[in-house]
Amino acid sequence: MMSDKITQSPAGPPATSGGPVGLLTVEETIDRMPRVGLTRGAWIALMLAFFFANYDIGVFAVSIPSMMAGIGLQPGDLAWPVALNLAGYAVGAYIFGHISDRKGRRIGLFLTILLLGTGGALTALAWDAASLSFFRFLTGGGMGAVLALCSAYIGEMAPKNRRGKYLAFLYVIGGILNLVIGFASLPVLAAMPEHGWRVLMAFGGLVLLILPFINSRDLMESPRWLVEQGRVQEATAIVRKMERNAGLDPAEDTEILRVADKPDVDVEVESPLRQLLRPPLIQRLLIVLGFWFVFYVAMYGFASYLPLLLAGVGVETSNALFVTVLTRVAPLIIGFVVVALIEKLERRTMIIQGTIIFALGVALIIAGWGDIAATIGSLLATMGIAYMATPAYTYTAEVFPTTARGTAASICDGLGHLGGAVAPFVILPILINAGAVAAGITMIALLIVAAVLIRLGVRTKDRSLLEINN
């Protein structure tokens, strides 16, 4: 098992220096807050970010028939828009994750949301397969870092015993909004068979409404990141704002933040990627990235081909479609379970539990025990995915140091999504040539590998970010 200890990069500046012994650091002050010190505007912006990041994925799938009729696409024309969207996801994840580590969380979030909104709006204007593919690539570039950077941002702004819970709440709210919008999109497509998809794609451009909230009052800069840049005085000022937002009175705080002995200066830090590619961070990167990649091969295979999988074990087509729709509701129920448990259980334990539940669901589907068993298996698999998602995103962000957190989280999620691009070349051929049982066994094997990989990671429950990465 990988060691729980990690050496701080020698190139990074110390968190604080000087000051009397016993006074609090920036990190300690954040970790003792009763709640996250963000404004209502910041929470609205984060909620919209989670909603729109998932909205684009869901609405594109239901818009395909209208899109094909509107600009005369053939089934074969859809391969490039899907593939380039995933490629853009991987590219954007690294670029914006890297920017957030070098230039700040605010600029990283601003740029990735700007590209996501611009790509969504341009997709609504596509006129043929080539333009659609290019605009989907741009949209993917924006999608790539949104969830990873928002997860990292919340982790840095939240107390150590609140990181997962706040993230879980955002996932639940975003899921509810996506379900409502999903049902609302159906009459739009029915009323406008050839142009309804343009309306739905253009709606995704409303993510740009988040940009005004990225300011010094709402989505302010991460004080933990500022400390790593040697800008401790700025970090202290922001922490004082956070204390007020959390209902505390800094004036009554008898313990003063330790600050640097020298004034704020620009500090040259080691490249985030260079930090990640040498021991001991390389081990964490390979474990988390390996988990996501392997997991996504199984998950995309399941989500994309569930109707075929069900039909392959004898479930009637009409029932298979009903089960597919039913699985969209299950994650909302599990979301509330995750909110209740995420700060009580070890993060990697929840990831493993959800992955195994997913595998058991697939096993029940291919067992051949009839429609009821297949339906229960489908719901169980979907619940497993929903159960592990929030702990996995939280874990991905918190196991890397602040100086490389944005890059690492985005790489793991972005390159991990390439597992989704691999799924059609792994799961589908097995499903077609060897049958549903063989395809199910392959998914189960992949999920077991993913569970073993994440078990090698470090524990994070009730540990500060500094403790996890020192």
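# Briefing: a helical chain and its aromatic pairs

The count of aromatic pairs in this structure comes to 17. One of them joins Phe 51 and Tyr 55, whose ring centres are 5.7 Å apart and whose planes meet at 45°, so the pair is tilted. Please keep in mind as you read that this is a predicted model. The chain has 19 helices and zero strands, and buried residues make up 54% of its 470 residues.

**The chain as a whole**

- The chain exposes about 18600 Å², and carbon and sulfur atoms supply 69% of that area.
- Take the contacts between residues at least 6 apart in sequence: 84% of them join residues at least 24 apart.

**Aromatic rings**

- A pair of aromatic rings is described by the distance of the centres and the angle of the planes.
- Phe 51 and Tyr 55 both belong to helix α2 (residues 40–71), and because they are four residues apart there, about one helical turn separates them.
- Are these two residues buried or exposed? Phe 51 counts as buried because its relative accessibility is 4%, and Tyr 55 counts as buried because its value is 3%.
- Elsewhere, ring pairs link Phe 291, Trp 292, Phe 295, Tyr 296, Tyr 300, Phe 302, Phe 358 and Tyr 393 into a cluster.

**Nonpolar cores**

- The largest nonpolar core has 114 residues. Those with the most contacts inside this core are Phe 291, Trp 292, Phe 295, Phe 302, Phe 358 and Phe 400.
- Which helix gives the most to this core? The answer is helix α11 (residues 281–312), with 18 residues.

- Val 339 is found in helix α13 (residues 330–341). Its relative accessibility is 10%, so Val 339 counts as buried.
- How many residues separate Val 339 from Ala 168 in sequence? They are 171 residues apart, yet their C-alpha atoms are 5.4 Å apart in space.
- Ala 168 is one of the contacts of Val 339, along with Lys 165, Phe 169 and Val 172, once neighbours within four places in sequence are left aside.

**A nonpolar patch on the surface**

- Ile 176, Val 180 and Phe 336 form a nonpolar patch on the surface, and together they have about 280 Å² of accessible area.
- Ile 176 lies in helix α6 (residues 163–191). Its relative accessibility is 36%, so Ile 176 counts as partly exposed.

**Salt bridges**

- The count of salt bridges comes to 12.
- Asp 218 pairs with Arg 217, and their closest N and O atoms are 3.0 Å apart. Asp 218 is buried, with a relative accessible area of 6%, whereas Arg 217 is exposed, with a relative accessible area of 56%.
- Glu 234 forms a salt bridge with Arg 231, where the closest N and O atoms are 2.9 Å apart. Glu 234 is partly exposed at 32% relative accessible area, and Arg 231 also counts as partly exposed at 25%.
- In the salt bridge between Glu 343 and Arg 347, the closest N and O atoms are 3.4 Å apart. Here Glu 343 and Arg 347 are both buried.
- Salt bridges that share partners join Asp 101, Arg 105, Glu 156 and Arg 405 into one network.

**Backbone spots to look at**

- Most residues other than glycine have a negative phi, and most peptide bonds are trans.
- Where is there a cis peptide bond? The bond from Pro 279 to Pro 280 is cis, with omega near 0°. Pro 280 lies in the loop between α10 (272–276) and α11.
- Asp 462 has a phi near 55°, a positive value in a residue other than glycine. Asp 462 sits in the loop between α18 (436–455) and α19 (465–468), and it counts as partly exposed because its relative accessibility is 36%.

Methods:
Residues are numbered from 1 along each chain as its sequence is written. This is a predicted model: local features need pLDDT of at least 70, side-chain atom pairs count only at pLDDT 80 or more; totals for chains, interfaces and linings use all residues. Side-chain values use heavy atoms; hydrogens and water are left out. Patches are made of residues with over 30% relative accessible area and no salt bridge: like charges are joined within 9 Å, nonpolar side chains (Val, Leu, Ile, Met, Phe, Trp, Tyr) within 5 Å. Accessible areas come from the Shrake-Rupley method with a 1.4 Å probe; for residues, only the protein chains shown count as cover. A salt bridge is a side-chain nitrogen of Lys or Arg within 4 Å of a carboxyl oxygen of Asp or Glu. Helices (H or I, at least four residues) and strands (E, at least two) are DSSP runs, numbered from the N terminus. Buried means under 20% relative accessible area, exposed over 50%, partly exposed in between (1.4 Å probe, protein chains only). Contact means heavy atoms within 4.5 Å. A nonpolar core is a set of buried Ala, Val, Leu, Ile, Met, Phe, Trp, Tyr and Cys residues joined through side-chain atoms within 4.5 Å. Rings of Phe, Tyr and Trp (its six-membered ring) pair if their centres lie within 6.5 Å; planes under 30 degrees apart count as stacked, over 60 as edge-to-face and the rest as tilted.
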